[in-house]
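User: Hello! I am new to this structure and would like to learn how to read its features. Could you walk me through some of them?

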Amino acid sequence: MSSFLSFKHIPCPAGNKCAAFQCLFGHGNNNGSGIIAGTRSSSTVTTKPSTTASRPHSAPSEDDDDPTSSQGGPRKRQKIDQALATAGSEERISRPPTTASVAPTVPATAQSTKPSSLTRPISPPALGRRISSTLDRLPAANGAKEKNATTTQPKLTPHRRTLSSTSSNKPPSGGKLRASGLDSAPTSTPSPTPARTKKNPPAGPSPSTGTASGPSASSSPKPRKVESLNPRHLKSAPASHETRIRLLKLLHSELKRLNTELKKTAKDADTDLVLSDQELIWEALDQEEAAAVTKPTIYSQSLRNAIMKLKRMNVQQWKEERRTLDRRCRDTKKRPEQDPADTPKKVVTGLQPAQEVLLLRRLLTSVDGLAAHGYVPTLPTAAEIAKARDGMEAAQGWEKCDRCDRRFQVFPGRSEDGSLTSGGACTFHHGKTYFPERQAGDKSKKAKRYLCCGQEIGDSAGCAEAPHHVFKVTDPKRLASILNYAETPANPSVPADRAVCFDCEMCYTTYGLELVRLTATAWPTGATMLDVLVMPRGEILDLNSRFSGVWPDDMAQAEMWNNKEVPNCESKDGPKRMKIVPSPEAARDLLFSLISPETPLIGHGLENDLNAVRIIHPTLIDTVLLHPHKAGLPFRYGLKRLMQERLDRKIQVETGSKTLGHDSAEDARAAGELVHLKIMEEWQNMQRRGWKLDASIGAFIPPC
């Protein structure tokens with residue numbers, strides 16, 4: 001039976017669930033974890049006085065060798081302090097055995113001592129840890145430092161190594177497997193890993209970590225890697241790979257054309273402006289990446305504009321642009337980051353204001369044939385106006401809410417109970433709908449959401465609430481039944497070189513959308529000519545302050561307009577204080593005093609502004625028609641998007657927690673700047689075709 005006891009150093013595969021009467025394997029759950037076979041040290045085990053623990057180390061008896069002895073079943077391995085036990089084994093291995101310390105060779109199970117109790121159970125150490133090589137280091141003053149600097153080996157690892165090395169040798173003549181730890185021959189035990197100490201420092205950095213973190217490595221600049229003409233990988237691509245590479249190749253071809261022409265005509269001072277083939281690729285990749293990161297929503301249009309700009313550029317203009325760039329930026333991958341709002345595009349035509357107004361005649365936008373899109377080219381007839389009035393009387397004030405699409409009844413002049421509308425409060429979404437941006441390769445269908453709250457359409461009735469339902473009127477005949485249109489009268493006092501930008505803000509009343517603010521600015525200077533509040537004809541249902549920028553305090557604190565005073569809305573004592581005129585007719589008369597039929601009237605979406613003031617003007621420049629949408633009307637680009645896309649400027653920006661709304665003066669000047677940009681491009685095209693300016697007579701001379 002003693003031959004079977006050689007498996008006691010191997011933990012039982014069944015563990016605590018073992019039901020064998022005489023299990024051949026060892027169990028380590030009796031009074032702590034088991035003692036590793038062959039690694040006991042009598043000096044490191046702390047036990048209570050007992051018969052077993054006080055037994056002297058002598059030759060084993062038959063009861064010790066018998067698993068069915070009075071000790072209570074199979075002999076179990078006991079827990080000891082792992083660190084002390086392993087350290088003791090290392091001490092025994094490192095020190096040569098003396099005569100007094102060498103014990104007779106006995107079986108492993110008979111030699112192991114069974115302590116009766118321990119202070120507490122000790123969990124197995126983490127894998128990959130080591131311990132100190134001697135017991136003297138543990139209680140030393142610097143024991144904590146040495147313990148942190150070293151790690152503990154996993155449990156049973158030394159024994160498994162010893163077992164594997166011992167099992168490769170032939171067993172002793174007695175037929176029993178001898179203990180392989182402290183008392184075994186040195187050839188059967190591998191040398192333990194030496195502990196790290198100050199005298200034995202760890203090795204240098206491994207190849208995986210490298211030495212690039214040193215000062216010398218960080219100070220030396222890294223050369224820019226060679227790249228091919230392939231769009232760089234982005235976390236969120238603004239377009240498909242096919243679209244990006246197509247636009248990138250077009251951009252690179254224009255850069256290469258200009259660079260080749262510059263190389264042919266470059267002198268000694270301009271040779272440093274010529275780019276190599278790899279630098280051209282870097283330049284194209286940088287511009288494409290900048291458009292994809294900073295302007296993802298208008299990525300395609302932004303790159304197309306850049307390509308068209310390069311197509312129209314000659315060698316001299318390219319040379320000047322190359323001089324403005326910092327050459328050091330081309331030696332690194334990162335381009336200088338610029339905020340479009342901080343560096344708006346400068347528009348320089350090289351012409352005088354009067355000459356620029358003269359060129360405006362080439363940009364006039366005709367509204368003939370655009371009646372279906374809200375433009376009113378002619379006055380409605382009396383019969384059409386009478387028919388519209390009859391329809392309003394038959395409707396008895398029933399309208400459709402412009403916000404929630406509910407039917408309600410409006411009472412101009414108030415009803416008997418004093419209410420202005422029926423239907424109670426209006427719950428609505430004030431933001432427009434949009435499709436969420438999809439990642440590249442995502443072809444799943446996305447539901448539309450609201451910009452105001454991010455909710456999907458149909459999730460809720462609305463995220464905002466107003467006390468009244470509101471409506472708007474778009475039919476010119478019905479608008480004329482409330483306030484008829486008027487054509488711009490002749491005004492000899494208006495200078496011939498004047499151009500006016502104007503914008504209107506509207507509010508909801510019992511007659512629909514009515515004029516509440518009128519602003520006019522001079523072009524191209526942007527000086528304020530007129531900025532007044534307007535008292536509408538109907539009772540106000542909602543000032544629409546979120547978009548109009550007119551708040552109840554503005555209407556309550558405004559002073560009444562005096563016809564004799566010069567239009568001036570800037571207060572020397574503090575912030576701007578606007579005047580208020582009593583009716584839309586008075587505001588229209590003020591505008592007529594500034595323009596004539598020949599005066600170019602500039603704006604964005606002029607059909608809304610002209611219908612609000614009820615004006616029919618023959619000389620119009622609408623930026624919606626000047627910068628048309630690729631799909632044509634009724635689709636159009638917003639003024640905010642056009643300013644960011646064409647001039648790198650941000651308008652209608654909300655600052656702070658309070659919503660301020662639009663500023664009609666800002667919108668009027670923004671429309672004028674878009675027209676100014678078009679004038680610059682038009683003059684450049686004329687110069688390419690051979691047009692010249694005769695400064696003596698102030699006229700443009702066509703090519704011969």
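Analyst: Buried means under 20% relative accessible area, exposed means over 50%, and partly exposed lies in between, using a 1.4 Å probe and protein chains only. Please keep in mind that this is a predicted model, where local features need pLDDT of at least 70, side-chain atom pairs count only at pLDDT 80 or more, and totals for chains, interfaces and linings use all residues. Residues are numbered from 1 along each chain as its sequence is written, and side-chain values use heavy atoms, with hydrogens and water left out.

User: How do the side chains of Arg-403 and Asp-542 meet?

Analyst: The general idea is that side chains of opposite charge can pair when their charged atoms come close. A salt bridge is called when a side-chain nitrogen of Lys or Arg is within 4 Å of a carboxyl oxygen of Asp or Glu. Here, Arg-403 and Asp-542 form a salt bridge through their side chains, at 2.7 Å from N to O. Arg-403 sits in the loop between strand E1 (398–400) and strand E2 (407–409), while Asp-542 belongs to strand E11 (residues 540–542), so the pair ties together parts that are 139 residues apart in sequence. As for the labels, helices (H or I, at least four residues) and strands (E, at least two) are DSSP runs, numbered from the N terminus.

User: How many salt bridges does the count come to?

Analyst: By this rule, there are 21 salt bridges. Some residues join in a network: Arg-224, Glu-227, Arg-232, Asp-286 and Glu-289 are linked by salt bridges.

User: Which salt bridge does Glu-288 make with its side chain, and is Glu-288 buried or exposed?

Analyst: Glu-288 is part of helix H8 (residues 277–294). Its relative accessible area is 0%, so Glu-288 is buried. The salt-bridge partner of Glu-288 is Arg-244, at 2.8 Å from N to O. This pair links distant parts of the chain, with Arg-244 in helix H7 (residues 241–265) and Glu-288 in helix H8, 44 residues apart. Arg-244 is buried too.

User: What else does Glu-288 touch?

Analyst: For contacts, look for heavy atoms within 4.5 Å. Leaving out residues up to four places away in sequence, Glu-288 touches Pro-231, Arg-244, Leu-248, Leu-251, Tyr-299 and Leu-303. With the side chain of Tyr-299, the Glu-288 side chain makes a polar contact at 2.6 Å. A polar contact is a pair of N or O atoms within 3.5 Å; within protein, one must be able to donate a hydrogen and the other to accept it, and residues adjacent in sequence count only if both atoms are side-chain atoms.

User: Now for strands. Which strands pair with E10?

Analyst: Two strands pair if DSSP finds at least two bridges between them. Strand E9 (residues 512–523) pairs with E10 in the antiparallel sense over five bridges. One example is Ala-520, whose bridge partner in E10 is Leu-530. E9 and E10 make a hairpin with four residues between them, and Gly-526 in the turn has a positive phi of about 85°. E10 also runs parallel to strand E13 (residues 579–581), joined by three bridges. There, Val-534 stands opposite Val-581 in E13.

User: How many residues of strand E10 are buried?

Analyst: Six of the seven residues in E10 (residues 528–534) are buried, and the strand is mostly covered.
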